[in-house]
Amino acid sequence: MTTNGLTGATRTDGHRTYGNWRRPATAGLGGLGMLATAVLFVGIAAAIIASMTAGLGPALIVASVFGVVLLTVAVKDRHGQSALGRTLNRIGWTRTRRRGSHLYRSGPTGRAKWGTFQLPGLAASSQLGEWTDSHGRPFALLHTPATRHYTVVLAAEPDGAALVDQEQIDNQVAEFGIWLANLGDEPGIEGASITIETAPDTGTRLRAEVEGSLDPDAPPFAQTVLADVVAQYPLGSATIRAYIAITFNEVYRASVNRSKRRKPDEVATDLASRLPGLTTSLTATGAGAARPLSAQELCEVIRVAYDPAAGRLIDEARAAGEPAALTWPEVGPAAAEARWGSYRHDSAVSSTWTMTSPPRGVVQSGILARLLAPHRDIARKRVTLLYRPIDPARAAALVEADLNAARFNSTASAKPTARSTLSARSAQATASEEAAGAGLVNFGLIVTATTTDPDLEPDARAAVDSLTAAARLRMRPAYGSQDTAFAAGLPLGLVLPRHLRLPTEVREAL
């Protein structure tokens, strides 16, 4: 789902609140989009012509055919999906199963080419390289040839909101809004994603730290206490990691009317000078000391996501001073199976949800706190916020078009509904804030719950339903696209609208 959001805020009763996000709308009649309205007029014209040339009977048949087609588009469920969309989704899933595309086997005995453990699905053709920025830090550069995108992944250490004054939290949220708005001014940025991952702590790092610092001449009581801490503390504890993926396109606009494609080394040279500024600007947002991930670190993150059992082995190898030398063709799963409502990959089973509606009304800064925190019924959880910044030059035209569409929908009926009137007011507020300098972004949200025990999958599903309801989010399982949604929730920088066969503009016009 794509929703427009502004980086602004208001105060209510002394508390800062946020909101005024809205789904892009097109002008249409009776809840139909622009394209569906055009089909309606074509159907009316066809029925009139059939009535004049062939009589009333054929005219009724033509009108019935167009009526059924429009009915499948107009009738939508609470997630905003039409009957036509659900039918096409089911047909696509049936075709996928018949072709066997929902099954993935890699390695020397698998179906994947070259006998490697390459990533499945949208990331299968991705290529990974490593470069050095202007501060001397190595950074991984992920190239997706299908969409001609390049992605840089940053690791962050969020400060958290514990023992932090509300005024400072408000300032951090404001700085994050400014950071998002500035992404629209950065040349070549196609999208950005923020992934918060919670996973069980293996205790390997704690054990290595204690054993490396333990004095052999320490009192036996102190050594016993430290040994108990190492043995007991990791039980039930969790680690929280944050990743920020920024996706750039390969096109360099040399002038207004001329652009050229860049090679990977040209993109890397450009990003080497821009990364320090992007990481430094994140400090004030509460993200902590952000730094780019190296190629080896990114390989470990993706490898553990597809095979959680490898996490302990990688931590033990790193603690022993012998990090696992992974390459990009080795990070994919050995076996995976996409199901209608879940995704089986190596040693785990995952279920993924996508946001269909953001919280209605206004919210405070801690609305997602419970969703982002670790949960005892979910072994591994990833919450990914997807952003597509809109260029300021396009933002003005976009909000004006949205305002015109909202006004048309409100005045198309002699008795406008309360929802259409409120939509027009919201569109007017969005246009006013954009004119005052606020940034405009399209955003979405993906939640992935992973468990290593298939019997615990119902508990994880129930936990996610409870957490998303507490966050006032309307989420829908990614039925028939679990493998794609799983990959989109990883810090790979995949921009899903660029992978669709049917353009997003056409989908929104229905």
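User: What makes β7 and β9 paired strands?

Analyst: Two strands pair if DSSP finds at least two bridges between them. β7 and strand β9 (residues 238-249) are joined by eight bridges and run antiparallel, so they qualify under that cut-off of at least two. One of the contacts has Val 152 with Ile 246 in β9 as its bridge partner. By the way, this is a predicted model, where local features need pLDDT of at least 70, side-chain atom pairs count only at pLDDT 80 or more, and totals for chains, interfaces and linings use all residues. Residues are numbered from 1 along each chain as its sequence is written, and side-chain values use heavy atoms, with hydrogens and water left out.

User: How many bridges join β7 to strand β12 (residues 291-292)?

Analyst: Two, and the strands run antiparallel. Ala 155 stands opposite Arg 291 there. β7 also pairs with strand β6 (residues 138-144), again in the antiparallel sense, over four bridges, and Leu 142 stands opposite Thr 151.

User: Why is β7 called largely enclosed?

Analyst: Buried means under 20% relative accessible area, exposed over 50%, and partly exposed in between (1.4 Å probe, protein chains only). Eight of the eight residues of β7 (residues 149-156) are buried, so the rest of the structure largely encloses the strand.

User: Why is the pair of Trp 21 and Phe 443 called edge-to-face?

Analyst: Rings of Phe, Tyr and Trp (its six-membered ring) pair if their centres lie within 6.5 Å; planes under 30 degrees apart count as stacked, over 60 as edge-to-face and the rest as tilted. A search of the whole structure finds seven such pairs. For Trp 21 and Phe 443 the centres are 6.1 Å apart and the planes at 70 degrees, so edge-to-face is the label. The two residues are 422 residues apart, with Trp 21 in the loop between β3 (15-17) and α1 (34-53) and Phe 443 in strand β17 (residues 440-451).

User: Are those two buried or exposed?

Analyst: Trp 21, at 23% relative accessibility, counts as partly exposed. Phe 443 has a relative accessible area of 14%, so that one is buried.

User: What makes Tyr 343 and Phe 486 a tilted pair?

Analyst: Their ring centres are 5.3 Å apart and the planes sit at 55 degrees, so the pair is tilted. Tyr 343 is buried at 3%, and Phe 486 is buried at 0%.
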